[in-house]
Amino acid sequence: MFHILVVDDDKNTRRLLKAVLEAEHFTVSTADNGKTALEVLDKEYIDLAVLDIMMPEMDGYEFTKTLRECKNNLPILMISARQFPADKHKGFLVGTDDYMTKPIDEEEMILRIKALLRRAQIVAERKIEIGNVILDYDSLTVTKNGESQELPQKEFMLLYKLLSYPGKIFTRIQLMDEIWGADTDTGWETVTVHIGRLRKRFDGWEEFQIESVRGLGYKAVKKV
């Protein structure tokens with residue numbers, strides 16, 4: 001069972017979020033500011049933090065910055081009444097993983113939390129499992145029913161990226177920047193070539209498919 005830490009200086013908000021999360025079968029701890037939240041982290045294993053920004057003693061920005069400077073990769077969902085783009089930008093710059101504005105859509109919050117937990121698990125295990133298929137980041141292999149094939153590094157990273165976010169559309173430029181680097185001299189046509197190779201390599205596999213989205217880019221679709 002995942003353990004969520006709710007950090008907010010408003011007692012009623014803490015109670016509400018705790019009730020919503022417990023209804024989804026999460027274990028929930030609470031804290032009224034960033035300083036208290038750090039003390040909770042010292043005592044308990046937390047899988048994700050739901051974090052307000054404006055709090056006394058230590059606000060959400062400082063809490064997040066402190067964790068990231070200590071190389072702590074705890075998934076963080078910031079929730080704030082502050083809706084200006086600059087506030088969101090600052091949140092992402094200090095290291096938050098996602099940002100929502102109040103009033104909160106409770107169903108959307110749960111969906112975002114579950115998505116963050118899935119991604120965190122993928123990062124921690126460095127593996128993706130889809131039915132009988134396993135992608136192993138450390139060995140650059142794709143295994144199905146016990147039979148493995150090692151992929152060229154860029155092909156594997158491209159496939160791993162797409163399957164880490166099934167259904168999400170990535171533009172060619174996004175994929176170029178993330179896998180080849182923003183400073184590469186390689187043209188975006190390289191992405192098209194690698195996508196073609198992946199499609200040929202995994203043609204007929206029932207577990208997943210790479211789809212083109214006309215005028216936008218590519219997405220991976222899980223079939224199982």
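This is a predicted model: local features need pLDDT of at least 70, side-chain atom pairs count only at pLDDT 80 or more; totals for chains, interfaces and linings use all residues.
Residue numbers start from 1 along each chain as its sequence is written, and side-chain values use heavy atoms, with hydrogens and water left out. Local features need pLDDT of at least 70 and side-chain atom pairs 80 or more, while totals for chains, interfaces and linings use all residues.

**View A. Lys102 meets Asp8 in a salt bridge.** The N to O distance is 3.4 Å; a salt bridge here is a side-chain nitrogen of Lys or Arg within 4 Å of a carboxyl oxygen of Asp or Glu. Lys102 sits in the loop between β5 and α5, and Asp8 in the loop between β1 and α1, 94 residues apart. Asp8 is buried at 4% relative accessible area, whereas Lys102 is partly exposed at 25% (buried is under 20%, exposed over 50%, partly exposed in between; 1.4 Å probe, protein chains only).

**View B. Lys114 pairs with Glu24.** Their closest N and O atoms are 3.5 Å apart. (Helices are DSSP runs of H or I, at least four residues; strands are E runs of at least two, both numbered from the N terminus.)

**View C. Ser29 touches Glu44 through a polar contact.** The side chains come to 3.1 Å; a polar contact is a pair of N or O atoms within 3.5 Å, one able to donate a hydrogen and the other to accept it within protein, and sequence neighbours count only if both atoms are side-chain atoms. Ser29, in strand β2, is buried at 12%.
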